Amino acid sequence: MAQVEHNFYCVTTDDANSLAKELELLGHKVVALEKDGPGFSLVTEESVELAQATINAANLQALAEEFDAVYDGFNTAIE
C-alpha cells in the first residue's frame with residue numbers, strides 16, 4: 001500500500017471544511033487546510049494501492065465539484 005496525498009483548492013472556508021468532513025468519512029486523513037491566495041488549500045492522505053488511487057481520482061474530481069472545489073491531483077512516493 002502507498003500513502004497517497006490528494007490536493008484540493010476551495011474558494012471558501014465553508015466549502016473546504018465541508019469537503020474535508022466528507023473526505024474523512026471516506027477514510028482520508030486531513031493533513032493540511034490553509035489559506036492559499038484568495039481561497040483555501042486542502043490536502044488529504046489515504047493508504048491505498050496505487051492502481052486504486054488512480055481510480056479514486058475520478059471520483060474525487062466529481063466530489064470536489066459538489067463542494068465548488070477543484071481536485072488538483074495526487075502525489076505519492078515511489079520506492
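The following points comment on selected features of a predicted model.

1. Basis of the model. The model is predicted, with local features requiring pLDDT of at least 70 and side-chain atom pairs counted only at pLDDT 80 or more, whereas totals for chains, interfaces and linings use all residues. Residues are numbered from 1 along each chain as its sequence is written, and side-chain values use heavy atoms, with hydrogens and water left out.

2. Over residues 3-76 the chain is 41% helix and 46% strand, and the end C-alpha atoms lie 6 Å apart. Helices (H or I, at least four residues) and strands (E, at least two) are DSSP runs, numbered from the N terminus.

3. Aromatic pair. The structure holds 1 aromatic pair. The ring centres of Phe8 and Tyr71 are 5.1 Å apart and the planes stand at 50°, so the pair is tilted. Pairing requires centres within 6.5 Å for rings of Phe, Tyr and Trp (its six-membered ring); planes under 30 degrees apart count as stacked, over 60 as edge-to-face and the rest as tilted. Because Phe8 belongs to strand β1 (residues 2-10) and Tyr71 to strand β4 (residues 69-76), the pair ties together parts 63 residues apart in sequence. Both Phe8 and Tyr71 are buried (under 20% relative accessible area; exposed is over 50%, partly exposed in between; 1.4 Å probe, protein chains only).

4. Asp15. This residue lies in helix α1 (residues 13-25). Asp15 is buried yet has no salt bridge, and the nearest side chain of opposite charge, Lys21, is 12 Å away. A salt bridge requires a side-chain nitrogen of Lys or Arg within 4 Å of a carboxyl oxygen of Asp or Glu; Lys and Arg count as positive and Asp and Glu as negative, with His and the chain ends not counted. Not counting residues up to four places away in sequence, Asp15 touches Cys10, Phe67 and Asp68 (contact: heavy atoms within 4.5 Å).

5. Pro38 lies in the loop between β2 (29-36) and β3 (39-48) and counts as exposed because its relative accessibility is 72%. Beyond four places in sequence, Pro38 touches Tyr9 and Val11. Ser41, in strand β3, is buried at a relative accessible area of 16%. Leaving aside neighbours within four places in sequence, Ser41 is in contact with Phe8, Ala32, Leu33, Glu34 and Asp36.
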